[in-house]
Amino acid sequence: MALLRLHRFLMRLAFSAANAFAWIFVFQYFAIFQSVHDALARTALLYALVYTVSALVTPYAAGRLRHGMKSGVVYGVVFAFLAFVFLGLSFAGFFGYGYIYGIIAFALLLGAYRALYWVPYSVEAHETRPCIRPSFFTEIPIALMPAVAGVALTWVFVAPAWLLFMAGLVLVISLLPLARIPDVYEKFSWGYAETFAELFAHKHRLIFLRAIADGIQSAALFFLWPIAVFLIVGSSYLLFGTVLSITFLIALLVRKPVRALLRLWNIKHTSIVYAMVAMSAWVGRVLVATPVGIILIDTYYHAGTAGRAAVDHSALDHVSDGGHFVDEYTALKEIGLGFGRIIICIIAAILAASFSIPVSFLWSFVIVALAAGVSVWLAHLSALRERI
């Protein structure tokens, strides 16, 4: 388990440093040739492409479980490495004026990483030791990476391309601990077409709809909100990275006390608390206009939604459902999450193309707040059905 944790630590380190910045770079590229709201629309559609690929590849990746986990993890890491490298090559001028080719390759490869990596990694982690959580001290360097990247891009004169190349190098190094990890095998009984047929079956409707609502929230958290933050701080890499790191560090400090307080109050339905925090936080983000406001609202959100699955705040990356990918129902949830991310990105793209940036963010965040409430309502309906 120590080797698997080392691998995941290095993966999270790379994504914490480069993932949010990668989408900022893409947004800035489009903004050079288009208006800002058109740039947001194009970037949102590209982000939707990532999860279109992920949703389409996930049933195939799940079917490979019977052949072992290690090869899938390796393929996933290689695709993530290639995604950052292709984007870096674009900004380094390798494709000449054809930047868009590297950008599209980045989206396609990142989608393949998402599907191919999380399926086997989650099974491997669950079978090896499911209850292990990252320690506080390993979370600190991950939380600091956005600030380090911001400093490097501002004061050390590290070009965007080299930040992406260095992240790719760390991803490759993360493969080394996997050599001594035992393989794990798991059965996935549905075929490719059957998986999508089951996705739209009536008996899985609540699972699918709740996954869509959660996907809407996670895409807004890792894509729309970082771009909004970047614009609020005046397009400063240094301020952007610093704000993210300060938020993550404060959230690390207050997360445990918040959980302890919930246990002290003996709150049985904590999901309702998390939903209320999420809804109010997304409404609050509409009103934020300063770096201090960003830190306060993000700290409130991250600390108050500490129990949410499917997100990795510090690494600015999605994770699989609750850290487990061991049955057909979880595969449906994973694809549903992808549908939710695609839906909110398309909505954001339409709003951005039709209205100003503030208006498009306002309505997008209102929709995300509603999705948070819908998610809890659907969870309540699922619980009632299980009792019956």
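1. Glu-334 forms a salt bridge with Arg-114, and their closest N and O atoms lie 2.4 Å apart. A salt bridge here is a side-chain nitrogen of Lys or Arg within 4 Å of a carboxyl oxygen of Asp or Glu. The pair links distant parts of the chain, 220 residues apart: Glu-334 sits in helix α12 (residues 328–354) and Arg-114 in helix α4 (residues 99–128). Helices are DSSP runs (H or I, at least four residues), numbered from the N terminus. Glu-334 and Arg-114 are buried. Buried means under 20% relative accessible area, exposed over 50%, and partly exposed in between (1.4 Å probe, protein chains only).

2. A word on the source. This is a predicted model, in which local features need pLDDT of at least 70 and side-chain atom pairs count only at pLDDT 80 or more, while totals for chains, interfaces and linings use all residues. Residues are numbered from 1 along each chain as its sequence is written, and side-chain values use heavy atoms, leaving out hydrogens and water.

3. How many salt bridges are there by this rule? The count comes to 4. Side chains of opposite charge can pair when their charged atoms come close.

4. Glu-139 forms a salt bridge with Arg-12, with 2.5 Å between the closest N and O atoms. This pair also links distant parts of the chain: Glu-139 is in helix α5 (residues 136–154), Arg-12 is in helix α1 (residues 2–33), and they are 127 residues apart. Are these two residues buried or exposed? Glu-139 is buried because its relative accessible area is 8%. Arg-12 has 7% relative accessibility, so Arg-12 counts as buried.

5. Arg-285 forms a salt bridge with Asp-298, the closest N and O atoms being 2.9 Å apart. Arg-285 belongs to helix α10 (residues 270–285) and Asp-298 to helix α11 (residues 291–304), 13 residues apart. Both residues are buried.

6. Look next at α11. Of its 14 residues, 10 are buried, so α11 is largely enclosed by the rest of the structure. Among the buried residues are Ile-294, Ile-297, Asp-298 and Tyr-301.

7. Now the surface. Phe-355, Val-359, Leu-362 and Trp-363 make a nonpolar patch of about 360 Å². Patch residues have over 30% relative accessible area and no salt bridge; like charges are joined within 9 Å, and nonpolar side chains (Val, Leu, Ile, Met, Phe, Trp, Tyr) within 5 Å. Accessible areas come from the Shrake-Rupley method with a 1.4 Å probe; for residues, only the protein chains shown count as cover. Phe-355 lies in the loop between α12 and α13 (357–387). Its relative accessibility is 44%, so Phe-355 counts as partly exposed.

How values were computed: Helices (H or I, at least four residues) and strands (E, at least two) are DSSP runs, numbered from the N terminus.
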